[in-house]
Amino acid sequence: MAQPVREYQDIQGIVRSGYGRLEEASFLLLRITNLSEAKAWLAAVVEEPGAEKLSYRVTHAGHLSESHQERALQIAFSAPGLRRLRAPEELFQDGSINNFPREFRLGIAAEDPDPEGRSRRLGDIGENAPSNWEWGAPPETPDVLVMLYAEAGCLAAFQQMVMADLALGFEVFRVLGTAKAAEEGDTRREPFGFVDGISQPEIDWGAKREPGTGADLEYGNLIAAGEFLLGYQNEYGLFTKRPLLDPARDPDNILAPAADVPGQLDLGRNGTYLVFRHLEQDVSGFWSFVSKKSPGNQGVDLAEAMLGRRLSTGDPLVTASRAEIRGVGPDALDIRQNGFTYEPDPEGLTCPFGAHIRRANPRTADMPGGKQGLISWLLRALGLKRGGPRDDLLSSSRFHRIIRRGRPYGAVIDHRESVLRGKPPGVASGIYFISLNANISRQFEFIQNAWIVNAKFNGMDGETDPLLGNRVPSLGNHVTDGVSLPQPSGWGQRLAGLPQFVTVRGGAYFFLPSLRALRFFARQSGTG
Amino acid sequence: MVAAPIVPSGEADLRKLLLTMNDSPGTADPNNPLVPFGVFDTLHFARFVILNDATLSDLSVFGPEAEFPDAPIYLAFLGDCDGSADFLLADFVDRAGDGLRKIFAYCDGFNPNGDLLQWMRSHSVKPAANYVNWIGRTVLQIREEAALHEALAKYLTEYLADRSIRDKAKDQPRHIRDAFVRAVDENGPRLTPPAPTPLGWQIRRLISILAAVAAAFIVALPLLMLSAGAALLVYGAVLLIISAALAVFLVHLRRHETTDPDVQSPPKPPSDEHLAELGKLQDHDVTNQYTAFGSFKPGPFPRWTTTVIWWLVNLATPILYPRGNLARIKTIHFARWVFLDGKRGGLFASNYDGSSESYMDDFVNKVAFGLNLTFGQGVGYPRTRFLLWGGAEREQEFKDVQRRHALPTEVWYKAYPGLTLIDIARNARIRQGLERKTMTETEIRQWLSEI
Ligand code: HEM
């Protein structure tokens, strides 16, 4: 039986909450300039005895249940950052089993030229190539990411104070300020104008569900804690590989023992990985394209088909009526917006196969066809039952989920309106896309590679994500700039020549440590 | 597959020579002067790979007598083709003899002035099991149908640009189809009638089916010949014998599974350098290659078990999975399982659509049992339970093991870049639709939607 999560006070709050009520946020990209000062600040923000007293601290998930937080601060490190902090060298060693995973060690962007093809797999080619990034391509890699959140009107002062304290140990090489999203009530919109932050996996904090049983023949949204937190069982019932240390490395006994490896300390426990991508959106380009191609409704229909949700409400294009999906509800709005799978729409007539949300989470179960008799299960498991041509083309969703914590940046106005009125905003806008996952390669990278930028996704050809695609032709000059919009009539369903609407401007893989691990990094003398 | 040990000192030079055949990393130039794969129009896939097994030292956990310090390093040449492989080999000698001689010159005992064909034949290794995604589908057919799809897509765009046609066709999609049939008749592309499935395949299939019928007949024999009571007795006895044999097998199996030394404790992840080497060659096309090599655990049990299982795989896959899928996997074009070195080691080679991570996802989540059965006796394979469970279900351990055993495939050729199996199957359906005599309106709409 899997272990429930209990140590909320050891988990950074961002895992549990996107801090929706803290409307203002900014992300500081730092480089360590003075090791002892940097450690002193880290010690102070985790309230180490003897450290300087600050008026703020790293927010943990326990704080969130104690009281309303007026502001929040979170810290994450890149691999070069941890090395600069003198984290034990074996964590980065080639061929070790207890090291940080390779994708984290290498980072999201390799040095140019990218020898082994991570950028190729992530679609970071053409305009998106790291060589064009504003930050994140070596040597422009940050060591530390500090995320600040505050109530309306309170960020500026908070940020100023933090930056003043940081100045001794760090150089702030970039401040990524976010926009207060155009809001109506509780809904947050991204720059194209869609409601964002609707669908998230529900973390199984209490280990109520056992993954891999017959119940997974149906799509579920309640996902094992180990998919988003290291040190807990994942969707395979296993512990995701993570940094472990010899007890000799931890003379002050800060770290917890590894639950599955006797004699090792778990540096990863209650931490996770944070994928950061700076995605610029061409809002005018997007709305002028869709309104030109589909003038009837000023492009709204087409835009909705490309995303998979309604512009005004955020409701899904397919009817959501299924209340019984595990991890959805009981809130009525959640059922209306997330109580669905794509099973009732096998031809993609209601929601195109390529729609952003149908790619990013196809809501598939372990086997097409769901629960049926034992014989049928056996025949399907052996591939002996003729199914539809798309059966088994997509992996089961539960192994490929991420928690999204991104924030929009840029102009705060209603972009679509201004574009349509011929007054495009002068400011660049986009999303600081942030995803949390325990296994970068199986979660974020898989979604990005196999689903979002895959020109052959779900049996289609010549198209990638209509919002995110880089439109670069693939080998042999095969186009990737189409989008299919299946129609009952059978034709007239393919648009060609989509321009690129989203451009990658930066990015990095970070480790979001537990508070224990933060203390460990702050204390570590780094003699090893 | 042709496989011959190379002269170890020549390995680096051979690698260099092989790399000259590529136009981008891991992808052969179809017109490269050494072996211009493009001229062989029955060839689907081909590869040259050096089987230098870096995991050989794993055998030492079984004691010094299991070690194999001077295992040969093989150069393997694999191809998947229509029709007879022997015929293709002769064709290779005819049209690429000089290049092949240059390559095989690195092999031990190769005589550049000798009979190349004879040499290749004597070094050819028959795979223990072979899998073909779609039996009887030729390179020619795949290419012609892709051209047809492209042409029809263009016609369709032209048609729909005309408003009056579009309006008319809304109610009568038959118009479009009729026009297409005429257009293809007049302007092509030309479609060669599908070649009959090679006789060899048909005979194999026939034999398999006959064997199945014969087996069924033997099973039914007591019922036909004896009284009910006596038949029951016979069945009971046979069942008893089978159960006993199975029990003996399972006891052996479990003993091996629980007591064999574990190469994976402590686990051995692949090195960064090795992964970089593999990554460099992957994801240039929508299809990727996979070549893995490893040793079997010492002793007769692992070899015999694998021999029987691979034999069954070879027998059963053309019957159970002749068209489009291998169990639940629909992305494998060709795969083969080959014994090498007197069954000391085994090779698995496949061509699959998508990235390595999604291939592994399929392995772990859809056919873990199949991987366990076919590779469970390999040294270092993650521990199995009853050869069906465990193993590939141990996700990260399995991924590490298979990547550690994967070999960088220096030279890899695919006859139809850009096409996945799903594309190929769709193009075939489009052609069938065009050639059918009659179609209902719903069928026509369905057909048009695929164009
Ligand atoms: C500028 C870029 C992007 C924009 C404008 C965008 C926009 C949206 C919107 C409006 C939604 C629907 C709201 C919701 O379900 O929460 C959504 C959902 C989602 N997006 Fe994105 N997105 C972007 C980039 C990405 C990237 C890079 C990924 C992952 C690699 C991603 C993964 C997802 C996922 C997993 C969902 C939820 C799907 C579901 O569970 O139904 N998005 N996105």
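Donors to a metal are taken here as N, O and S atoms within 2.8 Å of it, and because water is not among the atoms, a site may look incomplete. In this predicted model, the iron atom of the ligand has a single donor from the protein, the NE2 atom of His356(A), at 2.1 Å. His356(A) belongs to helix H10 of chain A, which covers residues 356–360.

In soluble globular proteins, nonpolar side chains tend to be buried together. The largest nonpolar core of the model holds 100 residues, and those that touch the most other members are Trp41(A), Leu73(A), Ile75(A), Leu82(A), Phe286(A) and Phe521(A). Because residues of this core come from both domain 1 (8–201 + 270–275 + 507–523) and domain 2 (280–436 + 443–506) of chain A, the core lies between these domains. When residues up to four places away in sequence are not counted, the contacts of Phe521(A) include Lys39(A), Phe77(A), Leu82(A) and Phe511(A). Another core, of 47 residues, lies apart from the largest one, and among its members are Leu34(B), Val35(B), Ile50(B) and Trp119(B).

In chain B, an open sheet is formed by 4 strands in the order E6-E8-E9-E7, with antiparallel pairing. Strand E6 (129–132) and strand E7 (287–295) of chain B each have a single partner strand and stand at the edges, so one side of each is left without a neighbour in the sheet. On average, and with direction ignored, neighbouring strands of this sheet are turned by 10° against each other. E6(B) is joined by 4 bridges to the antiparallel strand E8 (residues 332–340) of chain B, where Val132(B) stands opposite Phe334(B) in E8(B). Helix H11 (residues 356–366) of chain B lies across E7, E8 and strand E9 (345–353) of that chain, running at about 110° to E9(B).

Conventions. Residues are numbered from 1 along each chain as its sequence is written. Chains are lettered from A and ligands numbered from 1 in the order in which they are written. This is a predicted model: local features need pLDDT of at least 70, side-chain atom pairs count only at pLDDT 80 or more; totals for chains, interfaces and linings use all residues. Side-chain values use heavy atoms; hydrogens and water are left out. Donors are N, O and S atoms within 2.8 Å of the metal (3.2 Å for Na, K and Ca); water is not among the atoms, so sites may look incomplete. Helices (H or I, at least four residues) and strands (E, at least two) are DSSP runs, numbered from the N terminus. A nonpolar core is a set of buried Ala, Val, Leu, Ile, Met, Phe, Trp, Tyr and Cys residues joined through side-chain atoms within 4.5 Å. Buried means under 20% relative accessible area, exposed over 50%, partly exposed in between (1.4 Å probe, protein chains only). Domain bounds come from an automatic or database domain assignment. Contact means heavy atoms within 4.5 Å. Two strands pair if DSSP finds at least two bridges between them. Axes are lines fitted to C-alpha atoms, for helices over the stretch in contact, and angles run from 0 to 180 degrees between N-to-C directions.
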